[in-house]
Amino acid sequence: MKLHTLKPAEGSTKTRKRIGRGQGSGRGGTSTKGHKGAKSRSGYKTKLGFEGGQMPLQRRVPKFGFTNHNRVAYQAVNLDTIQELAEKLNIDSIDFDVLHENGLVSKKDLVKVLGRGELTSKLNVSAHSFSASAIAAIEKVGGSVNKI
């Protein structure tokens, strides 16, 4: 076997259509674009989602719902999570930096403390917002709440 004797497998290659190369090519005249109309012209481009005049899918499908652009989204952190973190790190003050360093919130998040779980140790908790049950639980064990 030599490099100059290598050939592709039988039937695996086809000669490409040479469009727009005159009448002798068998594809002269309209160059496979049919007769007249926008699609036969140069520079033709359809709009995204255009379906030939039929009502496009984007307009056929019903729309519903509402997105409030003024919504303030908080990252929720529960009391049981705060208790675990305080025990693990052996600290008595939980603030945004501690939560961020331990991967509970990201840098741009607003934090809201929610009241799920039990709080057993006296903690000073700082966050952007608190639920009423969280405030009650923190103050019940002698801790303090600080809104950022």
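Predicted model: local features only at pLDDT ≥ 70, side-chain atom pairs only at ≥ 80, totals over all residues.
Where does K36 lie?

Residues are numbered from 1 along each chain as its sequence is written, and side-chain values use heavy atoms, with hydrogens and water left out.

Now, back to K36. K36 sits in the segment before α1. Helices here are DSSP runs of H or I with at least four residues, strands are runs of E with at least two, and both are numbered from the N terminus. The phi angle of K36 is near 55 degrees, which is a positive value in a residue other than glycine. S31 is also in the segment before α1, and its phi is near 55 degrees, again positive in a residue other than glycine.

S31 counts as buried because its relative accessibility is 17%, whereas K36 is exposed, with a relative accessible area of 72%.

Let's step back to the whole chain. There are 4 helices and 6 strands, and from the N terminus on they run α-β-α-β-α-β-β-β-α-β. The C-alpha trace spans about 95 × 55 × 20 Å along its principal axes.

As for the surface, the chain exposes about 12,100 Å², and carbon and sulfur atoms supply 51% of that. Accessible areas come from the Shrake-Rupley method with a 1.4 Å probe, and for residues only the protein chains shown count as cover. Of the 148 residues, 19% are buried. Contact means heavy atoms within 4.5 Å; among contacts between residues at least 6 apart in sequence, 40% join residues at least 24 apart.

So much for the overview; on to the core. In soluble globular proteins, nonpolar side chains tend to be buried together. Which residues touch the most other members of the largest nonpolar core? That core has 19 residues, and the answer is I82, I94, L99, V111, V113, L123 and V125. The elements giving two or more residues to this core are α2 (79-89), α3 (96-101), β3 (110-114), β4 (124-127) and α4 (132-140). Helix α2 provides the largest share, 4 residues. For the definition, a nonpolar core is a set of buried Ala, Val, Leu, Ile, Met, Phe, Trp, Tyr and Cys residues joined through side-chain atoms within 4.5 Å.

Let me zoom in on V111. Not counting residues up to four places away in sequence, V111 touches Y74, Q75, V77, F96, L99, V105, A127, H128 and S129. S129 belongs to strand β5 (residues 129-130) and is buried, at 13% relative accessibility. Leaving aside neighbours within four places in sequence, S129 is in contact with Y74, V111, K112 and V113.

Next, the charged pairs. How many salt bridges does a search of the whole structure find? It finds 2, where a salt bridge is a side-chain nitrogen of Lys or Arg within 4 Å of a carboxyl oxygen of Asp or Glu. One joins E51 and R60, with the closest N and O atoms 3.1 Å apart. E51 is partly exposed at 31% relative accessibility, and R60 is partly exposed at 42%.

The side chains of D80 and R116 also meet in a salt bridge, at 3.1 Å from N to O. D80 lies in helix α2 and R116 in the loop between β3 and β4, so this pair ties together parts that are 36 residues apart in sequence. D80 is partly exposed, with a relative accessible area of 22%.

G49 is partly exposed, with a relative accessible area of 45%. From G49 to A137 there are 88 residues in sequence and 55 Å in space, C-alpha to C-alpha.

Terms used
Buried < 20%, exposed > 50% of the residue type's maximum accessible area, 1.4 Å probe, protein only.
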